[in-house]
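Trainee: I am new to this structure and would like to go through it slowly. Could we begin once it is in view?

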Amino acid sequence: MTGIIKVDTIQNNGGTTGLTIDSSGRVSMPQIPMLQAVPMFQIHASGNQYVSDNHTIQFDTEEIDVGGNFNTSNYTFTAPINGYYRMHAHVYVRTISGTDAMVQYKVNGSDYNGINIGSSIYGYSYNNAGGENHTSVDVPLIMKLTANDAVTVYITTAGTGAYYEGARETWWFGHLIGTY
């Protein structure tokens, strides 16, 4: 049988609503805990950090942490399940003339090489203009993680570099987008 089924609400035999469709076609599934608890976080650094070498960025202030998978003591997101995760780190960087800053993800302490890329993925800022250079370095990507993989954001500088928090200028968010 083929045809169109027209309903506004789907309920189980006990009367609990599992799905509703409004007149605009928007679907609501209020009883699915998975949708209400998708692992996600949004965090920022609470103060200026000055670095002149390799350094894990100290994201120590949570704004959102659904699932409790971010640790503000070691600045690490731990994947709760196998899946694809959307990540976006934004780091406000200051460099002086002739110096650079590279921002990248590390998974379990090693450079993240992406999905089928084979080399480290990073954002980069170089100052060859003299004086101080203030730039934002963004590293957005989708990561394939295994349950219990530990992810951090790392900055490497040559010379004197710094990243700043200021008015939440350095932040990071991530969330599960699908399982595998």
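Trainee: Over how many bridges do β11 and β15 pair?
Mentor: Strands are DSSP runs of E with at least two residues, numbered from the N terminus, and two of them pair if DSSP finds at least two bridges between them. In β15, the bridge partner of A101 is T157. The two strands, β11 (100-107) and β15 (150-158), pair in the antiparallel sense, and the count is 8 bridges.

Trainee: Before we continue, what kind of model is this?
Mentor: Residues are numbered from 1 along each chain as its sequence is written, and side-chain values use heavy atoms, with hydrogens and water left out. Local features need pLDDT of at least 70 and side-chain atom pairs count only at pLDDT 80 or more, while totals for chains, interfaces and linings use all residues, since the model is a predicted one.

Trainee: Which residue takes a positive phi in the hairpin of β11 and β12?
Mentor: Strand β12 (residues 110-111) is joined to β11 by 2 antiparallel bridges, and K106 has D111 as its bridge partner in β12. The hairpin has 2 residues between the strands, and the one with a positive phi, near 55 degrees, is N108.

Trainee: Which residue in β13 does V103 stand opposite?
Mentor: Strand β13 (residues 122-126) runs antiparallel to β11 and is joined to it by 5 bridges. Within β13, the residue opposite V103 is G123.

Trainee: How many of the residues of β11 are buried?
Mentor: Buried means under 20% relative accessible area, exposed over 50% and partly exposed in between, with a 1.4 Å probe and protein chains only. By that rule β11 is mostly covered, and the buried share of its 8 residues is 7.

Trainee: Which residues touch the most other members of the largest nonpolar core?
Mentor: A nonpolar core is a set of buried Ala, Val, Leu, Ile, Met, Phe, Trp, Tyr and Cys residues joined through side-chain atoms within 4.5 Å. The elements that give two or more residues to this core include β10 (83-96), β14 (132-145) and β17 (171-179). L145 is in contact (heavy atoms within 4.5 Å) with residues including F77, M87 and Y180, leaving aside its neighbours within four places in sequence. Of the 31 residues in the core, those that touch the most other members are F77, M87, Y105, M143, L145 and W172.

Trainee: Why is the pair of F70 and W172 edge-to-face?
Mentor: Rings of Phe, Tyr and Trp (its six-membered ring) pair if their centres lie within 6.5 Å, and planes under 30 degrees apart count as stacked, over 60 as edge-to-face and the rest as tilted. A search of the whole structure finds 10 aromatic pairs. In this one the ring centres of F70 and W172 are 5.5 Å apart, and the pair is edge-to-face because the planes stand at 80 degrees.

Trainee: How many residues apart in sequence are the parts that this pair ties together?
Mentor: F70 is buried at a relative accessible area of 6%, and W172 is buried at 0%. Because F70 lies in strand β8 (residues 70-71) and W172 in strand β17, the pair ties together parts whose separation in sequence is 102 residues.

Trainee: Over the face of which residue does K106 lie?
Mentor: A charge sits over a ring if NZ of Lys or CZ of Arg is within 6 Å of the ring centre and within 35 degrees of the ring normal. K144 lies over the face of Y180, at 4.7 Å from the ring centre. For K106, at 4.4 Å from the ring centre, the residue is Y154.

Notes: Helix = DSSP H or I, 4+ residues; strand = E, 2+ residues; numbered from the N terminus.
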